[in-house]
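Reader: I am new to this structure and would like to know what the terms used for it rest on. Please show it first.

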Amino acid sequence: MWFDLDDAQREFARTLNRMLSAADTPAVARAWAAGEHGPGRALWTRLSDAGVFALAVPEAYEGVGPLPVELAVALIEAGRHAVPGPLVETVAASALLTALAEEADASAGDPGDNAQALGGTTPSTGDTPRNPDSTTPSTGHNPRNPDSTTPSTGENPQNPDSTAPSTGHNPQNPGSTTGNADDATKDAHDTARGPDDITESSARAAAGFWLPRIASGRASVTLAAPAGGPYALDADAADAVFVVEAEGPTLRLAAGHSPVQPSFDPARRLARPVPAGTVLARGRAVAAATARATDWAAFATAAQTLGVGLTLLDRTVAYAKQRAQFGRPIGSFQAVKHRLADVHVALEFARPLLYGAAVALARGARDAGAAVAAAKVAAGEAAYDAARAALQLHGALGYTDEYPLSLWFRKARALRMAWGSPAHCRARVLAG
Amino acid sequence: MDLDPSPDEAAFRAEARSWLAAHVPTAPLPSLETAEGFAAHRAWERILAANGWSVVSWPRRYGGRGASTTEWLLFEQEYYAAGAPGRVSQNGTQLLAPTLFAHGTAEQRARVLPPMADGEVIWAQAWSEPEAGSDLAALRATARRTSGGWLLYGQKTWSSRAAFADRAFGLFRGGPAGERPHQGLTYVMFPLDAPGVTVRPIRRLDGKPAFAELFLDGVFVPDRDVIGEPGQGWRVAMSTAGSERGLTLRSPGRFTAAAARLAALWRERADPADTALRDRVADAVIAARAYHLRACATATRETEAAASRAAETRAGEARAAETRSGTRASARATVRRAATAATARAADRQRADNPAEASVNKVFWSELDLALHETALDLLGPYGELSDAAADAPGGGRWAEGYVFSLAGPVYAGTNEIQRDIIAERLLGLDRGRR
């Protein structure tokens, strides 16, 4: 048994911490909240240069992962510095696309099983490669990377559906259209090639197209899924908005998004994906891949949350040491000390749960979902306790938008509910 | 990073599991806070010791197996998962023994440890006094120098297990004094049936004599029963206090087993609509898991520290070899490698060695233990009202007995208020202020 970070993992954390400290990340977060994505994108490039986004992507797709322990290390640092952007959603989308591609590969290896699972058999290759960029303009494909048109895996290109002849509704799933004003657009994408075909070719093509871009930092993406609520985080900044709809279930590349809604944490920009866009996959494989992606999202959220809590504690301890009342530092009063000690205890016990969940995810353990849920509850409650203590002990100063504490306080509140409420996670823990 | 036992650790665990499956009593023993229960638990200690399972982490020459901290964790997990009895010898094996390993003489270890391991001599602790609890350094009971030893006078109170135990250990004012109250204390061991000792049992909340007052009137303690230097007792005692608050006293296995029983109870008996209770069950399960995982991290750091010490030893040997054989390149390389490894691990070791880490554990396990049992009683509804002695008591009385025991957790071993002060001052660096 070796349940501790190794020297390389510690050095990784220190490197990220130094880089994010030097980058004036709070100012980046403020700009992001105002809709100025330039500094945030620049920071993401530096994070991806450090290898962060490659951690969730398998080697087959030009990543180095999945490495959940290292991912936890990175996301703790991101949380500590209040890095803005769809970090969690990019990780979750990576897990989703990877799972779908693996499912497609497995199905291709055993057509009999495929028929049973997906309702038909189909050749897994044979589509004519097309320029994948031509299929993604509506999501604002990353302009920084004009040479990205060749899918690196040599598999089918992105979204053959979008150019396939439209023959109307998907006969396997007539209910999948939602009957709204975008039906025409939707039908153009929702071709009748059959759900299994969609899974095999376009999901694998999507993985082949997007995963190397995510790994290298050429693309940031976001994901909306039933477990994460109706909004896609930072859709206005992402290069792709993936949407899982419960009906089918269906994985879609959204054709766009609603205007950004004001939110409690303005650095978390919330928008609804439009109910139109290219269907990438549908059926049982999507359900399984979404379950896996949801676990990874909860795990990444827990890591980010722990980082948020650590900073709230650090900042409040520093403040309690220098703020004097009644002629002495407030940190010398037992009521203050005990509240901070409790926060420290809670955070210190959330940390091993997070790494325990990382180990379970790395092994693909049967109870990985329960382990993730436990970590999410503990990190969420500890960080929120840290936020409340921070607010209380900073006094009115903490209750201002201007003072930097607000960046972490608001995030602690939002992350507590993101990708699995405390009640949902507790139920998951007991379900095993 | 992994949580998988090595082949050796897995073999150790399998051996423990199969022995426990064959030997653990099928029904819970009566409470060890009763005369009947104390005797039954002592008999169980003898069975454990006869088979080498009493003190697995001790060296073999004292009756242990030389198990690593990881192996100890695995053993404890198996032990409590098997439903095995609580340990009546715990004051000795978990509090006095670590002190003897750190500060005792070879003679003391050889004389005291084997009969402690097999339950022949069961120890009580004699720390608190009527005027000295959280402020332990305010203690007044004295040890006066006499020919060949010391004479103890004064009163101790809240002495756990003293109603039925054989011997006790504690701190007394005596020996070379200093300016501060922590100086001039001496750490001694003494028999509870010696002339001059009066033991008055104190009944705890449920009426059982779980602790006692000790009145000491000229009780003779020979020099050989003083641990460490006279007057240096505080420093000696603090290593014991660290054990009491840390992992070894309240092993994770105890809580993971209790949490598993609680989750089973929830599935059997609970109203699924009662989500408030469900959340409390889940929180207890989560906290037990957290405590277990943190213990695994501690065990890893201890393994690392042991490896680091071994590397230093090898470096020393390599240096010696180099000196003997001139300038051998391989010896130089060995020295460099070992030195690098030692430096890299120094910071971790420092963290692992910080005694305030034990305070973090103490606050956590004491609140976890209480939450586990309170939740169980709430889940049991009307049956939660029954004492452990009741024929109808659920779980053979385990929940009722465990509840009463858990109520004391936030108070003993240094109140949680004192632990929070220690955390705030020594881990967060806040000023020492008024208590």
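Author: The model is a predicted one. Strand 4 (residues 250–254) of chain A and strand 6 of chain A are a place to start: they pair in the antiparallel sense over five bridges.

Reader: What makes strand 4 of chain A and strand 6 of chain A a pair?

Author: Pairing takes at least two bridges between the strands. Strand 4 and strand 6 of chain A have five bridges, so they count as paired. In this pair A:Ala254 stands opposite A:Gly277 in strand 6 of chain A.

Reader: Which other strands belong to the sheet, and in what order?

Author: The sheet has four strands in the order 1-3-4-6 in chain A. Strand 1 and strand 3 of chain A run parallel and are joined by four bridges, with A:Ala224 opposite A:Val243 in strand 3. Strand 3 and strand 4 of chain A run antiparallel, also joined by four bridges; here A:Glu245 has A:Thr250 as its bridge partner. The hairpin of strand 3 and strand 4 of chain A has four residues between the strands, and A:Gly248 takes a positive phi near 115° there.

Reader: Why is the pairing called mixed?

Author: Strands of a sheet can pair either parallel or antiparallel. In this sheet strand 1 and strand 3 of chain A are parallel, while strand 3 and strand 4 of chain A are antiparallel. The pairing of the sheet is mixed.

Reader: Why do strand 1 and strand 6 of chain A stand at the edges?

Author: Strand 1 (221–224) and strand 6 (277–282) of chain A each have a single partner strand, so one side of each has no neighbour in the sheet. From one strand to the next, the twist averages 25°.

Reader: How do you know that strand 3 of chain A is mostly covered?

Author: Six of the six residues of strand 3 of chain A are buried. A:Ala240, A:Phe242 and A:Val244 point one way, A:Val241, A:Val243 and A:Glu245 the other way, and all are buried. Helix 9 (residues 284–322) of chain A lies across strand 3 (240–245), strand 4 and strand 6 of chain A, at about 90° to strand 6.

Reader: Why does A:His394 count as buried?

Author: The cut-off for buried is under 20% relative accessible area. A:His394 has 3% relative accessibility, so it counts as buried. A:His394 lies in helix 11 of chain A and touches A:Arg315, A:Thr316, A:Tyr319, A:Tyr403 and A:Leu405, leaving aside residues up to four places away in sequence.

Reader: What does the side chain of A:His394 reach at 2.9 Å?

Author: The side chain reaches the backbone oxygen of A:Ala390.

Reader: Is A:Glu348 buried or exposed?

Author: A:Glu348, found in helix 10 (residues 334–363) of chain A, has 7% relative accessibility. That value is under 20%, so A:Glu348 counts as buried.

Reader: How does helix 11 of chain A pack with helix 13 of chain A?

Author: Helix 11 (residues 368–394) and helix 13 (residues 422–431) of chain A pack at an angle of about 140°, with their axes 8 Å apart. Helix 11 of chain A passes helix 13 of chain A in a left-handed crossing. By class, their contact has seven nonpolar, one polar and four charged residues.

Methods:
Residues are numbered from 1 along each chain as its sequence is written. Chains are lettered from A and ligands numbered from 1 in the order in which they are written. This is a predicted model: local features need pLDDT of at least 70, side-chain atom pairs count only at pLDDT 80 or more; totals for chains, interfaces and linings use all residues. Side-chain values use heavy atoms; hydrogens and water are left out. Helices (H or I, at least four residues) and strands (E, at least two) are DSSP runs, numbered from the N terminus. Axes are lines fitted to C-alpha atoms, for helices over the stretch in contact, and angles run from 0 to 180 degrees between N-to-C directions. Contact means heavy atoms within 4.5 Å. A crossing is left-handed if the near helix is turned anticlockwise from the far one by less than a right angle, and right-handed if clockwise. Ala, Val, Leu, Ile, Met, Phe, Trp, Tyr, Cys and Pro count as nonpolar, Asp, Glu, Lys and Arg as charged, and the others, Gly among them, as polar. Buried means under 20% relative accessible area, exposed over 50%, partly exposed in between (1.4 Å probe, protein chains only). A polar contact is a pair of N or O atoms within 3.5 Å; within protein, one must be able to donate a hydrogen and the other to accept it, and residues adjacent in sequence count only if both atoms are side-chain atoms.
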